[in-house]
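User: Could you walk me through how to read the main features of this structure? I would like the general idea each time, and then the case at hand.

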Amino acid sequence: MRRRLEISELIFKIISYTLLTVFGLLCLYPFLYAISASISGRHAVEYSEIILLPKQLQFEAFGYMFRSNEFWNAYSNTLFLTIYGTVWSLFVAILGGYALSKKRLLFRKVFNFFLVFTMWFSAGIVPQYLNYIATKGVFTSMGINDDKWLVVIAMGMAAMNIILLRNAFENVPGEIEEAAIVDGASEMQVLTKVFIPMSKSTIATVALFFAISRWNGYFWARQMISNSAEQPLQVFIRDKLEFYTDGENLATWTENYAADSLIYALIVCSIVPILVIYPFIQKYFAKGTNAGGVKE
Amino acid sequence: MKPIEAADYLVLDKATGCYREDPEQQVRDDVEKHYWKNVVFAIIKDWRLYLMLIPMLLVFLFWRYLPMYELLGSFKVDDAVKPVSQQWFKGFSNFKGLLVGTGTYGELSMNFWRALRNTFLLSFYGLLFGFPMPIILALFFNEVRSNGVRSVLQVFTYLPKFMSTVIMTSLVVMLIKQGSSASNTPPGIVAQALSSIGLIPASVAQNGILNNPTYFRAIYQISGIWETAGYDSIVFFAAIIAISPTSYEAAQIDGANKWAQMRYVVLPSILSTIVIMLITRIGNMLSIGYEKVLLLSEGRIDTYQTAEVISTFAWRIKNNQSGLASAAEMMNNVVGMLLVIGANTIARKAANVSLY
């Protein structure tokens, strides 16, 4: 038997659907506009004739970018930072989270505090910057004189992610670990054969957090990498934006497409990889926030 | 009488009425005596576990704790060339300079107070406008019965969260960019739309909304809602769908319409989540995203009036006055930490209260 909809309920439903649709489309609009503007003709872009759909189609902005070595260089730098950065962060976080999840670890509370304190108190950007300058020499003397590697090992660690992993490892039943030890597994085998397979979804979530933050990283890459040829895509995009929103630089623009189209094309290229994997990873992110939301 | 010195070792044996030695206390003493020996043995036995900790400890030591040592530069002579360790302790003159601003510190101190005020205002408006949005969105999402439609809308609204700050700010800059009178080009599409519906004067749109200090806070909040409201609604939505359908049914039988159900069923059920999120947010009040502020205001000196926050203020003076920059950050961080700890304490109490 179907219940008749109350009038108040009906009104609320209509309001909900309408406002959600409007908000959803507003969230999406800047991205759609960016795509349209990147493939529209010069006149249409410069005189803001595009509202949603592209006009006077052209693909020269993309063509120019795909032929530009600078662009591919920046893209490969971003890939480098993302891949090695995620692997390194995950390596550190899994080992640390595993050790912290063990009740028999001495000074466990001290180590936990060491971690959690960084969530309460952060030195701030100026001391961090001064610290990078001061410690750079130490790493150079150790043979790490490549700025890119320094960014890989220094950046992107978050106490929250280690705590997520620690909680996941704590939830693995102790009996399974004991069984593995009785069967003669070493500490490393217990970790790789028991704990990691049993916490797969949390590890996937944390890996995605790391990867997204590496892919999107801008500020510290800009500060720490001195060679401009080694800068990642985000820095490249920002430089182009600063260059072409300056009227003087714009005055010398002679291409058949607008300078704006080039920037929009860059933006599209930067978000496409995220858009492609986004439908698959979206559910992990939802899970991750719930797990990390209101715990301890 | 019980001899005082031996009190811990002796217990009264009820059966005989005499004092005898307490064997458990002897074990405890033994453990005490050999404490460090036992610690060393435990570490040797489990050396692999401690080895696993080392990378994490080193990463946090080098890039989280060493910067805190650099923060001590706020007590030292202002000389960017020398490292902190080679400078003299200068007392609190950097702090005094920023707070009171006597002599040469006058303008600097004014800028510091301006940055402090902006930091608070950006946070406060975020609390006022940004905080309720995810809750409202979650209430709306709950009305969408079709899973397919809801997931599509959720995918749309979460999306901006996954874009980098550079992409977000680039889109903002482009969509509301200024027009040019030389080449007779109009301003960005969103600026045009806003001026045509009368929200902003046409001259502001033409000169660039981002160049106008009056609108910086609004831009910051609106782009913030665009970026995070959808994603932040996840927590509230999870709390709402956890409400048992029988609660609604009971309310309906009692004749509650939609508004009454909202008021008496939904809101009380998600109140603890709201309180916890609110308190967490208050705890983070002083940590305004420096990256976004820098990217939106870099090179637009006129907007510093509303756009300069403590971290960007410190960043801009770091090259010439690193001691003052550290002092500014130090004050920001200490107050921030007090807020976080206070908020955590209240949250724990609030969560307990909501448990009954």
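**Reading the two chains**

Analyst: Happy to! Let's begin with burial: a residue is buried if 20 or more other C-beta atoms, placed from the backbone, lie within 10 Å of its own, exposed if 12 or fewer, and partly exposed in between. By that count, 37% of the 296 residues of chain A are buried, and in chain B buried residues make up 37% of 356. Do keep in mind that this is a predicted model, where local features need pLDDT of at least 70, side-chain atom pairs count only at pLDDT 80 or more, and totals for chains, interfaces and linings use all residues. Residues are numbered from 1 along each chain as its sequence is written, while chains are lettered from A and ligands numbered from 1 in the order in which they are written.

User: How many helices and strands does chain A have?

Analyst: Helices (H or I, at least four residues) and strands (E, at least two) are DSSP runs, numbered from the N terminus. Chain A has 15 helices and zero strands. Its radius of gyration is 25 Å, well over the 19 Å that the globule rule gives for 296 residues, so chain A is more spread out than a compact globule. That radius is taken over C-alpha atoms, and the rule is 2.2 Å times the number of residues to the power 0.38. The C-alpha trace of chain A spans about 75 × 75 × 35 Å along its principal axes.

User: And what does chain B contain?

Analyst: Chain B has 17 helices and two strands. Its radius of gyration is 30 Å, whereas a compact globule of 356 residues would have one near 21 Å. Along the principal axes, the C-alpha trace of chain B spans about 105 × 75 × 40 Å.

User: How many residues of chain A are in contact with chain B?

Analyst: Two residues are in contact if their C-beta atoms, placed from the backbone, lie within 7 Å. On that basis, 75 residues of chain A are in contact with 75 residues of chain B. Helix 1 of chain A gives the largest share of chain A's side, 15 residues. That side divides into 46 nonpolar, 20 polar and nine charged residues. Here Ala, Val, Leu, Ile, Met, Phe, Trp, Tyr, Cys and Pro count as nonpolar, Asp, Glu, Lys and Arg as charged, and the others, Gly among them, as polar.
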